[in-house]
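The following paragraphs go through one structure step by step. Please keep the sequence and the model in view while reading.

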Amino acid sequence: MNRARVLSHLLSRVPPRAPRATTQALALGGSRCKASAPPAPNALAAEPFLNGSSSNYVEEMYNAWLQDPKSVHQSWDTFFRNTSSGATPGQAYTAPPSLAEPSPHHVPLSSIAPAITPAISDTQLTDSVIDDHLAVQGIIRAYQARGHLIAALDPLGIDREALAERPPSTLPSRIVVRNYFDSIDESDMERSFKLPMSTFVGLNEKTLPLKEIIKRLEDAYCRSIGVEFMFINSLEQCNWIRQKFETPGIMAMNQQDKRLLLARLTRSHGFEGFLARKFSSEKRFGLEGCEILIPAMKQVIDRSTSLGVESFVMGMPHRGRLNVLSNVCRKPLEHIFTQFAGLDTGDEGSGDVKYHLGTYQERLNRVTNKNIRLAIVANPSHLEAVDPVVQGKTRAEQFYHGDSEGNKVLSILLHGDAAFSGQGIVYETFHLSELPEYTTHGTIHIVVNNQIGFTTDPRMSRSSPYCTDVARVVNAPIFHVNADDPEAVMHVCNVASDWRHTFHKDVVIDLVCYRRNGHNEIDEPMFTQPLMYNRIRKLKPVLELYAEKLIKEGVVTAEEVKEVKDKYEKILEEAFTSAKSETRVFNKHWIDSPWSGFFEGKDPLKATPTGIHEDTITHICKRFASAPPNASDFVIHRGLQRILSSRMEMIQARTVDWAMGEAVAFGSLLKEGIHVRLSGQDVERGTFSHRHHILHHQKVDKSQYNSLANLYPDQAPYTVCNSSLSEYAVLGFELGFSMTNPNALVLWEAQFGDFNNTAQCIIDQFISSGQSKWIRQTGLVLMLPHGLEGMGPEHSSARLERFLQMTSDDPDVLPAFSSDFAIRQLSDINWIVANCSTPANLFHILRRQIALPFRKPLILMTPKSLLRHPDAKSSFDEMVEGTEFQRIIPEKGIAAENPAGVKRLIFCSGKVYYDLIAARREAGIEDKVAITRVEQIAPFPYDLVKQECDKYPDADLVWSQEEHKNMGSWSYIQPRIATALNHERHISKCDKVEKDSEGLESQSWYEYWFPWLFPTSSQTEVSVPSKSDTPVASDTRVLRYAGRPVSASPATGNKKTHTREVKQLLEDSLAL
Ligand SMILES: Cc1ncc(C[n+]2csc(CCOP(=O)(O)OP(=O)(O)O)c2C)c(N)n1
Ligand SMILES: [Mg+2]
């Protein structure tokens, strides 16, 4: 313990103005300094702030000061000046003025002296005493910061062996305490030291012998729990954690809790064993090796319920999912067993494998005697993709319950070790955790860390020491725990629940465990991890270990253990027998977000009108064009004032531009009590500076005004929020948000449409296919700025073609034309894809999302240059009552007045329309060329397109698009127009009503959601239009393509090429 003394002694020999060479030699140590240095004042040695670790720093400061006194902080300058001018020991240092309040946990050195044990307090306060106490503080801190590095976390003991093989300099004690132990000997161990306020190991003692201090620290930090928390910036939070782990006896558990824990472990273990016996060749991604997960989750739920939580929204991967569904959520065992039976489905949907399905259960929590709701969100195979969805759903539940601090709704996310460290979405989701409009006020993360990912060892799958290191970015404490120590796991679960309740921040429980079988039950793990699996084979299951422990402690008897086991086995057997009599599986049993009240009393094929009263339009527009009511106090940017004035002018002219069309859609829904939430990067202003939903006071920071939130006193809330720079997480989040409440319009806007591909997984796995797989509807809107404006390959294409390729309507089958054709198409398709060309149509399509009696995702290509295009405006007349969304906007000019004279009918979509009409005007062929806009691309408006074609019998047909030929709508449009003209193309057969192997019709989604309309499935009251309603004449015209040629890149980066391409496509389109 004398290193500091030696250094300060050396430093004390620094001459007041030693030449630079001398101080450098000092830094190296050795006798030269003694020989060359003249006797120096002993000022430095006596300064209280000097210790071993600061001496190098002092030397650096001193050297710098010698070079230039101004290069060091003023306090150093004063200090060195005082020292040089011969200040007496202890007098040279003058503290710099403090910027911060003194911390309540600050321990002044002087406070050490009185508390030292009699033996020491008799002596003078010497350097040695101070150093020794500082060293003890250092040791305490070392355990707190690094104790986890040597904790016994691994049930396999592999990490311990790895430690033992290390060179002595990296041995455990060295890893934790580094060099503090260098000069400690046995006599130091018996000495008593004052405990600083930064530790709780003393309980009521103020001093303890060093030996006892170290023992207690090892108990707290180096046994079955490894706590990582010292990176947290809050002293309050650090102390809270210290107290939860250091307080002697804090982990003690009563007998009743031990018995409950054993019973829960018995179920967890019994469930997997039962499935293994009954379905030995089926994949189930069993939990064996981490059976403690079930008691752990239940403990978190019990504890959180006792703290006031009523609803738990959970996301989890494949591992142990069935076990969680059964033993945590209490999903009926019969529902789970029938999933193994290979039965036909009894209702709508294409279904999913059993370990991806969601659930929603309401039940009594027996421990707290409170009712709780539990949801596990359905997810695809794509690991961690569900994380942001869970967050969004949780946030929405909190929002609609007015739970502004997350006291009632809690999200729990489960992870695998490989996925947690490997998937970027984990990081993106963590970054939402503290954002005001995205926070769920703390998520409890539980990692099933079985130290393997499929066949890959951790050393090959991550570069971070722990799989949990990603959580450090948000200052989340991380509790690593040996999963074979059930009581330690329970303690950690309690602390994690309390942490979340106290600080409303994320926390991680890392269950360090193993995987007893292969990745799934059919895999052979010995191929790739022979040594690990040799060891696993020798390990007793945790249930056995814990039962033995409790029997030994006298908490239970062997008979009791067996009794609990047999009782559960009987429950399983009975459910298994009753599941055998089931003939169908029902997807509806697996819905994670039921909207029970939403569908009731509705006509499944009737939408409410979207046009609104002109007074409402005017009122909303006026508010949207106005400064806040206290305008004189609220300084608005001059540029914005101009925008507001131009909005006022539009009101005078009874017109709206794009931003106002959108605002009226939002405002009118808000008036009707529909919550609107618009989220995405820079959405408050709008990437193209057209929206300005939030006005900023130019003189007062954070003073803002949101006009749409202030339209009517009793309106629904309006949320508009700039998001983090993430597409994957934010889109996932909004999807989750939209799942909770069907009576809300949730929109996500991409900065530019092409960025949607970084959220591809959410689009493919959830939005496009979610209803089919999980019969879960969503009315989420994706607004994707799209269009080739000469801005280069990026920022041009929202990849419209991909959305169209994923639509689920058959290009070869012409649906029967009937009065409800449009809405029937909407209800049958997986999503709607549109590219509106007028603000009025935008207004209607947004309102239609809510007007529909069901929910469908809407993929909207949105414009850029059209935001300010003088022609892209709509009259109030197009939005008032009696108007509606126009799936196509037919030619309305002179060509339409004399259809017989029309030589060409051009179909197009989006902004290219405005280029085409300008070029047509210039060419003077407005009477010969009709131009019709397809606004709703999917589902394809066969009926209206057919009408247009019929109207111009002598016209040739052209599809004109600005996207390259292998992109945009062409490949979607082409076969569908052919089908519209020629009816069915007989390429594939599509039966609307599917029959199962027993010849029984499955229930359609209408029947499921609207059972009152379907007394029995054979007595349907909905008239299904017959194919004979459809005209049979055939039109042999062939649609021609006019546009850019195929390309690998979505757009040219060269402005001149862009202009040439536009000219070419217009010529191709219009040349007669
Ligand atoms: C995004 C993604 N990539 C790859 C896979 C294929 N896959 C399924 S499980 C698995 C290993 C997962 O390991 P881990 O996260 O540790 O969970 P464990 O199976 O060990 O519980 C892999 C690579 C996947 N499901 N998702
Ligand atoms: Mg794993």
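The coordinates come from a predicted model.

Helix 22 itself runs over residues 486–503. With 18 residues at 1.5 Å each, the helix should span 26 Å, and its end C-alpha atoms are 26 Å apart, so expectation and model agree. Of these 18 residues, 16 are buried, and the helix is thus mostly covered.

The next topic is the packing of nonpolar side chains. The largest nonpolar core has 189 residues, and those touching the most other members are Leu 293, Phe 337, Ile 509, Ile 767, Leu 782 and Phe 907. Helix 22 supplies the largest share of this core, with 9 residues. Phe 337 shows what such packing looks like: leaving aside residues up to four places away in sequence, its contacts are Phe 274, Leu 275, Phe 279, Leu 572, Ala 575, Phe 576 and Ala 579.

Oxygen atoms of ligand 1 lie 2.5 Å from a polar side-chain atom of Asp 417 and 2.9 Å from one of Arg 319. Ile 452 instead places a backbone N or O atom 3.0 Å from an oxygen atom of the ligand. Ligand 1 taken alone exposes 580 Å², of which the protein buries 76%.

Key
Residues are numbered from 1 along each chain as its sequence is written. Chains are lettered from A and ligands numbered from 1 in the order in which they are written. This is a predicted model: local features need pLDDT of at least 70, side-chain atom pairs count only at pLDDT 80 or more; totals for chains, interfaces and linings use all residues. Side-chain values use heavy atoms; hydrogens and water are left out. Helices (H or I, at least four residues) and strands (E, at least two) are DSSP runs, numbered from the N terminus. The expected span of a helix is 1.5 Å times one less than its number of residues. Buried means under 20% relative accessible area, exposed over 50%, partly exposed in between (1.4 Å probe, protein chains only). A nonpolar core is a set of buried Ala, Val, Leu, Ile, Met, Phe, Trp, Tyr and Cys residues joined through side-chain atoms within 4.5 Å. Contact means heavy atoms within 4.5 Å. A polar contact is a pair of N or O atoms within 3.5 Å; within protein, one must be able to donate a hydrogen and the other to accept it, and residues adjacent in sequence count only if both atoms are side-chain atoms. Accessible areas come from the Shrake-Rupley method with a 1.4 Å probe; for residues, only the protein chains shown count as cover.
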